[in-house]
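Please look over the sequence and the model below before reading on.

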Amino acid sequence: MKAPDRIDVARHALGQALAHPASWAGFVPLAGAYAFLGVPWWVCLPLMLAVVVMVFLAWSRQWPRLMDKSRTELLTAYRQKENLELGERLRRVATAARQHGTKGLLEPLREATDIKRAVEDRLHADGVVTAHEEEVGSMIGELVRTMVAEAERLTLAEGGEVSRAAGERFQKAADTLRRAYADIDVILDPVPEDLRLPAGDDALSRASERLGERLEQAHGVRRHLERGMIVHDAEPAPDAPTPAPPARRQAEAEK
């Protein structure tokens with residue numbers, strides 16, 4: 001059984017979009033006008049193309065939400081089937097372990113499957129499984145599946161012989177799952193609210209602030225240059241002769 005990938009999710013979302021009445025209801029009147037009323041095809045064809053464009057634009061805006069919904073539906077169905085399969089495999093392992101007297105693996109396995117279900121309930125609680133939540137659930141599911149497969153190999157294929165090292169590996173895996181479940185909120189959202197950047201400290205605000213600072217600098221340079229030009233124009237020319245006082249000019253004229 002294969003977990004749904006992006007192609008499966010996109011295919012499922014596209015199927016839902018095509019099956020929705022909003023995708024084909026607009027074509028019904030045009031088809032009826034062409035088939036029963038005799039409207040020329042060159043009139044119906046542009047109208048149909050216009051309907052196609054409107055439907056495409058409408059679904060393009062809804063596509064991210066539709067993808068999240070499809071991912072959640074597919075993952076929910078997959079997890080349910082997977083948990084049923086793991087439960088059946090765990091029962092076979094428990095039967096073999098009781099027959100061979102090796103029950104040390106049962107408790108970690110049961111705890112691992114319980115943690116897996118609890119984490120999945122946490123991920124699916126809001127009705128939407130994001131890509132990051134899907135990745136977290138996939139890692140936990142992969143660890144639990146590996147534990148069950150290893151238990152099957154030890155109890156079924158090798159006649160129930162479980163070494164001390166194997167038991168320690170199972171305990172270590174169970175400890176990892178316990179820590180992951182205890183810190184599931186940190187894994188899903190590693191940045192707490194009090195450490196997040198304020199709403200205004202985003203790329204748009206930073207770019208606007210940089211441009212505003214550059215404008216202020218440019219205006220400061222312009223004001224500095226203008227003040228320098230005014231002072232320069234007010235100073236007298238260094239080579240211009242200094243006018244003589246009136247009394248001195250009269251004495252020079254009498255001579």
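What percentage of the contacts in the protein chain with a separation of 6 or more is accounted for by residues 24 or more positions apart? Such residues account for 76% of those contacts, where a contact means heavy atoms within 4.5 Å.

This is a predicted model, in which local features need pLDDT of at least 70 and side-chain atom pairs count only at pLDDT 80 or more, while totals for chains, interfaces and linings use all residues. Residues are numbered from 1 along each chain as its sequence is written, and side-chain values use heavy atoms, with hydrogens and water left out.

The protein chain holds 10 helices and 0 strands, helices being DSSP runs of H or I with at least four residues and strands runs of E with at least two, numbered from the N terminus. Of its 255 residues, 25% are buried, which is to say under 20% relative accessible area, with exposed over 50% and partly exposed in between (1.4 Å probe, protein chains only).

Helix H5, residues 106-123, has 18 residues and reaches 26 Å from its first C-alpha to its last, close to the 26 Å expected at 1.5 Å a residue, a span taken as 1.5 Å times one less than the number of residues. Its buried residues include Leu-106, Pro-108, Lys-116 and Glu-120.

Met-48 lies in helix H4, residues 41-100, and counts as partly exposed because its relative accessibility is 27%. Leaving aside residues up to four places away in sequence, Met-48 touches Phe-27, Leu-30 and Ala-31.

| Met-48 to Phe-27 | Value |
|---|---|
| Separation in sequence | 21 residues |
| C-alpha to C-alpha distance | 6.7 Å |
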